[in-house]
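Subject: Structure handover

Hello,

Here is the structure I said I would pass on. My notes on it follow below.

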Amino acid sequence: SSGINAEYGRKALLLTRENDVEQEAISLTKIGILYHKVLLQKSKAKGVLMRVLQLAQSLQPRNLSEEKWFKDASSIISEYQREQKRKEEKEWEKSRKKYLENLKTNLDALKENMDKLSIQKILVWLYTEHPPKHCAKKFDVDIEQISKAPGDALKKLLAKAIVYYHPDKIDTKVHGMEYKVWSEEIVKNLTGKYEMMKGV
């Protein structure tokens, strides 16, 4: 009997705590919306609503996806994250321009080779003239084998090349921003070739 009472007491305490947490989250959501919509103070709104999402985390495994306060807080935070991403992309595009100017000779050669050469010859040219220096330890290709590769092996070879040159793996402190932009352009072109071959 005392064990059952203790269990009921524990459950009641948990429910009370959960209710308190939810009430705090609801109140904070209202404050966050006020900062966001009325006072137009984004940084304050973000701070308050991030706290709401932390509280929501503490209410797991409960499913909150249909709770209005949770949907409102998540929606505003997602909006801020998208804004931040757009801002970063805009800044990156701006800084990319100067690197693209410096890379003009390489980019012209890349475009010409992409237009005129076979996939085998494109890969041989890239690997011999512009090997992916950021993955030197893992970079292991057989140039002769690539040059003679049959048509049905090309998609796999392109996929491998995209992985080798992928800019996400580049440490710009070691290799510099210009090299990252160059790798982005290589991957963009290789991906175009890969997409064209998808139906083949």
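Helices here are DSSP runs of H or I with at least four residues, numbered from the N terminus. By that definition Asp115 and Lys111 both belong to helix H4, where four residues, about one turn of the helix, separate them. Please keep in mind that this is a predicted model.

Overall fold

The chain has nine helices and zero strands. Its radius of gyration is 27 Å, well over the 16 Å that the globule rule gives for 200 residues, so the chain is more spread out than a compact globule. The C-alpha trace spans about 80 × 50 × 35 Å along its principal axes. Of the 200 residues, 30% are buried. Among contacts with a separation of 6 or more, 68% are between residues 24 or more positions apart.

In soluble globular proteins, nonpolar side chains tend to be buried together. In this chain the largest nonpolar core has 29 residues, and the members that touch the most others are Leu110, Leu126, Tyr165, Trp182 and Leu190. Helix H4 (104-116), helix H5 (119-129), helix H7 (154-165) and helix H9 (177-197) are the elements that give two or more residues to this core. A second, separate core has 17 residues, including Val21, Leu49, Leu64 and Ile76.

Which residues does Leu190 touch, not counting those up to four places away in sequence? They are Met114, Ile122, Leu123, Leu126, Leu158, Ala161, Ile162 and Tyr165. Gly192 is also in helix H9. With a relative accessibility of 30%, Gly192 counts as partly exposed. Gly192 and Met114 are 78 residues apart along the chain, and their C-alpha atoms are separated by 9.8 Å.

Asn113 is in helix H4. Its relative accessible area is 15%, and since buried means under 20%, Asn113 is buried. Leaving aside neighbours within four places in sequence, Asn113 is in contact with Ile122 and Trp125.

Gln120 is part of helix H5 and is likewise buried, at 15% relative accessibility. Not counting residues up to four places away in sequence, Gln120 touches Ile146, Ser147, Ala149 and Leu154.

Helix H1

Gly32 lies in helix H1 and is buried, with a relative accessible area of 0%. Beyond its neighbours within four places in sequence, Gly32 is in contact with Ala45, Val48 and Leu49. Leu49 is one of the residues of the second core. Between Gly32 and Asn106 there are 74 positions in sequence and 50 Å in space, C-alpha to C-alpha.

Val38 also belongs to helix H1, which covers residues 2-38. Is Val38 buried or exposed? At 58% relative accessibility, Val38 counts as exposed. Together with Leu34 and Leu39, Val38 forms a nonpolar patch on the surface, and the accessible area of these residues together is about 270 Å².

Salt bridges

Side chains of opposite charge can pair when their charged atoms come close. How many salt bridges are there? The count comes to 15.

Asp115 and Lys111 are both exposed. Glu112 forms a salt bridge with Lys116, with the closest N and O atoms 3.3 Å apart. Glu112 and Lys116 are four residues apart in helix H4, so about one helical turn separates them. Glu112 counts as partly exposed at 43% relative accessibility, whereas Lys116 counts as exposed at 64%.

Elsewhere, the side chains of Glu67 and Arg62 meet in a salt bridge of 3.4 Å, N to O. Glu67 is partly exposed, at 27% relative accessible area, and Arg62 is partly exposed at 26%. There is also a network of salt bridges that links Glu93, Arg96, Glu184, Glu185 and Lys188.

Regards

Conventions. Residues are numbered from 1 along each chain as its sequence is written. This is a predicted model: local features need pLDDT of at least 70, side-chain atom pairs count only at pLDDT 80 or more; totals for chains, interfaces and linings use all residues. Side-chain values use heavy atoms; hydrogens and water are left out. Patches are made of residues with over 30% relative accessible area and no salt bridge: like charges are joined within 9 Å, nonpolar side chains (Val, Leu, Ile, Met, Phe, Trp, Tyr) within 5 Å. Accessible areas come from the Shrake-Rupley method with a 1.4 Å probe; for residues, only the protein chains shown count as cover. A salt bridge is a side-chain nitrogen of Lys or Arg within 4 Å of a carboxyl oxygen of Asp or Glu. Buried means under 20% relative accessible area, exposed over 50%, partly exposed in between (1.4 Å probe, protein chains only). Contact means heavy atoms within 4.5 Å. A nonpolar core is a set of buried Ala, Val, Leu, Ile, Met, Phe, Trp, Tyr and Cys residues joined through side-chain atoms within 4.5 Å. The radius of gyration is taken over C-alpha atoms; the globule rule is 2.2 Å times the number of residues to the power 0.38.
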